[in-house]
Amino acid sequence: TAGNSGSLSAETGAAMQGAGGDVSLLVGAGDAFDGGNLIAAAGSTLAALSAGGVATITAGQGSSKSLLGGGSGGAVIVTGGSSLGSNISTDTGGDIVLTAG
């Protein structure tokens, strides 16, 4: 179709005198074959003088300025999948691959 494509947004909203809500994505487990994949990718473009979309992961800001604490930012944690296999030659944990453009 002509024109811009849609967008998808999921928010929990701000809390009043409470903790912020979580957003969780969980892919199903497999009992006979591989578990499902989780894939997130920013959009590409065919347009001249344009750039592909930016993928951003940002941990939460610790925005309290109190001297009692609360000003620490959240961590970004990246973990490869663990292996419970018994063959130490072939059963290994998942890699973490970072590739620059």
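Is Val-76 buried or exposed in this predicted model?

**View 1. A nonpolar patch on the surface includes Val-76.** Val-76 is exposed, because its relative accessible area of 51% passes the cut-off of over 50%. Val-76 belongs to a nonpolar surface patch together with Ile-57, Val-78, Ile-96 and Leu-98. Taken together, these residues of the patch have about 590 Å² of accessible area.

**View 2. The largest pocket holds about 240 Å³ of space.** Rolling a probe the size of a water molecule over the atoms shows where empty space is left. The lining of the largest pocket consists of Leu-38, Ile-39, Ala-40, Ala-41, Ala-42, Val-54, Ala-55, Thr-56 and Ile-57. Of these lining residues, 8 are nonpolar, 1 is polar and none is charged. Ile-57 lines this pocket and is also one of the residues of the surface patch in View 1.

**View 3. Gln-17 has a positive phi.** Most residues other than glycine have a negative phi. Gln-17 is not a glycine, yet its phi is about 60°. Gln-17 is exposed, with a relative accessible area of 88%.

**View 4. Leu-49 has a positive phi.** The phi of Leu-49 is about 60°, although Leu-49 is not a glycine. With a relative accessibility of 94%, Leu-49 counts as exposed.

Key
Residues are numbered from 1 along each chain as its sequence is written. This is a predicted model: local features need pLDDT of at least 70, side-chain atom pairs count only at pLDDT 80 or more; totals for chains, interfaces and linings use all residues. Side-chain values use heavy atoms; hydrogens and water are left out. Patches are made of residues with over 30% relative accessible area and no salt bridge: like charges are joined within 9 Å, nonpolar side chains (Val, Leu, Ile, Met, Phe, Trp, Tyr) within 5 Å. Accessible areas come from the Shrake-Rupley method with a 1.4 Å probe; for residues, only the protein chains shown count as cover. A salt bridge is a side-chain nitrogen of Lys or Arg within 4 Å of a carboxyl oxygen of Asp or Glu. Buried means under 20% relative accessible area, exposed over 50%, partly exposed in between (1.4 Å probe, protein chains only). On a 1 Å grid over the protein atoms alone, a cavity is a set of points where a 1.4 Å probe fits but cannot get out, and a pocket is an open set with protein on both sides within 12 Å along at least five of seven lines; lining residues have an atom within 4 Å of a point. Grid points are joined across faces, edges and corners, and a volume is the space filled by probe spheres set on the points. Ala, Val, Leu, Ile, Met, Phe, Trp, Tyr, Cys and Pro count as nonpolar, Asp, Glu, Lys and Arg as charged, and the others, Gly among them, as polar.
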